[in-house]
Amino acid sequence: MKSKSSKIEIILPLLTILVDAAAIFSAFLFSYWIRFKFPPFVKIFPITKGIPDFYGYAEFALMVIPIWLLVFQSRKLYRLKRCVFILDELFAIIKCISIGIIFAMSLVFILQGDFPYSRLVFFLIWVNSIVTITFGRYLTLKLEKNLYNRNIGVNIVAVLGTNEMAERIYNKFTTDKFAGYNVIGYFSRENIKSNFLEGKNYLGDYKLIPAKIKELGIEKILISLPSEEHDALYDLFKICEGINVEFMYSPDFVDLMTSRLRVEEVDGIPFMKLKAV
């Protein structure tokens, strides 16, 4: 399972990059066609300086695509397990495309060639890129979630904690397979006073975590401990030193207000990464 997960972690971001590149190129060509070949549009906006060569726009698209992809990467739009609806990414897509268009127009100014680039075409590229990239990402996101629903490429995870939030995490990722997590059980502190996860798959106390990671191939530990039990985290990191596993901590309100760590939301639940794989 872990090897399949690793392959998916490479294939899906790469596929998203290729789809974005194809969407950008399509937007350039479609915008050229609308401006210079689509009769209703040409009637509204007459061509006064002749029709430029189609290949000029195609070559220019190939020049700017790598830069646009780097802009998308800088906004972390190629991360795996985005676990979002496409509308959640729309604002980031529009922002990245706007930056890309500004760069493209600046590049035209710097090159100062004789090729007659149209400002109206650039406006159409901006609009069409939003449409084509959003549609392409909708398809890749559907593919990603479909794979996870089929238990392909999911991460094997366990929950540490027995409180109400731990129960929510356990139930959420057990139900929402599209999040990309396969919850196989939970760990507790040494003494269980109140256990909201009673009846679910109990893996033992937290001292067994290193052995269970190796035995079950656990890739992530989702932690939900009350503030008074945070001392267990130090012990946990110590006994898991050198083990290839990622800890993700679900903070309470006070933690969110005081922490400087980056908070990442997964399927509606906030997590802070305490130790990366």
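A residue counts as buried when its relative accessible area is under 20%, as exposed when that area is over 50%, and as partly exposed in between. Lys76 has a relative accessible area of 48%, so Lys76 is partly exposed. The model in which this value was computed is a predicted one.

Lys76 also stands out by its backbone. Its phi is positive, at about 60 degrees, although Lys76 is not a glycine. The residue sits in the loop between α3 and α4, the latter helix covering residues 86-111. A second residue can be described in the same terms. Asn151, also not a glycine, has a positive phi near 65 degrees. Asn151 belongs to the loop between α5 and β1, a strand made of residues 155-160. With a relative accessibility of 30%, Asn151 falls between the two cut-offs and is therefore partly exposed.

The protein as a whole has 277 residues, and 44% of them are buried. Its secondary structure consists of 9 helices and 7 strands. Among contacts with a separation of 6 or more, 75% are between residues 24 or more positions apart.

One helix pair shows such packing in detail. Two packed helices are described by the angle between their axes and the distance between the axes. Helix α3 spans residues 54-74 and helix α5 spans residues 119-149; the angle between them is about 55 degrees, and their axes are 14 Å apart. Because of that angle, α3 is oblique to α5. The crossing of α3 past α5 is right-handed. On the α3 side, the contact is made by Tyr57, Phe60, Trp68 and Phe72. On the α5 side, Val121, Phe122, Ile125, Ser129, Ile133 and Arg137 take part. By residue type, this contact comprises 8 nonpolar residues, 1 polar residue and 1 charged residue.

Helix α4 can be brought into this picture through Ile97, a residue of that helix. Is Ile97 buried or exposed? Its relative accessibility is 0%, so Ile97 is buried. Leaving aside residues up to four places away in sequence, Ile97 touches Trp68, Phe72, Trp126, Ser129, Ile130 and Ile133. Of these partners, Trp68 and Phe72 are on the α3 side of the contact between α3 and α5, while Ser129 and Ile133 are on the α5 side. For Ile130, the separation from Ile97 is 33 residues in sequence, and the C-alpha atoms of the two are 7.1 Å apart.

Further along α5 comes Tyr138, which lies in that helix. Tyr138 has a relative accessible area of 37%, so it is partly exposed.

The cysteines remain. A disulfide is a covalent bond between the sulfur atoms of two cysteines. How many disulfides does a search of the whole structure find? The search finds 0. Cys96 has a relative accessible area of 1%, so it is buried. Cys240 has a relative accessibility of 0% and is therefore buried too.

Conventions
Residues are numbered from 1 along each chain as its sequence is written. This is a predicted model: local features need pLDDT of at least 70, side-chain atom pairs count only at pLDDT 80 or more; totals for chains, interfaces and linings use all residues. Side-chain values use heavy atoms; hydrogens and water are left out. Axes are lines fitted to C-alpha atoms, for helices over the stretch in contact, and angles run from 0 to 180 degrees between N-to-C directions. Helices (H or I, at least four residues) and strands (E, at least two) are DSSP runs, numbered from the N terminus. Angles under 35 degrees count as roughly parallel, over 145 as roughly antiparallel, 65 to 115 as roughly perpendicular and the rest as oblique. A crossing is left-handed if the near helix is turned anticlockwise from the far one by less than a right angle, and right-handed if clockwise. Contact means heavy atoms within 4.5 Å. Ala, Val, Leu, Ile, Met, Phe, Trp, Tyr, Cys and Pro count as nonpolar, Asp, Glu, Lys and Arg as charged, and the others, Gly among them, as polar. A disulfide is a pair of cysteine sulfur atoms within 2.5 Å. Buried means under 20% relative accessible area, exposed over 50%, partly exposed in between (1.4 Å probe, protein chains only).
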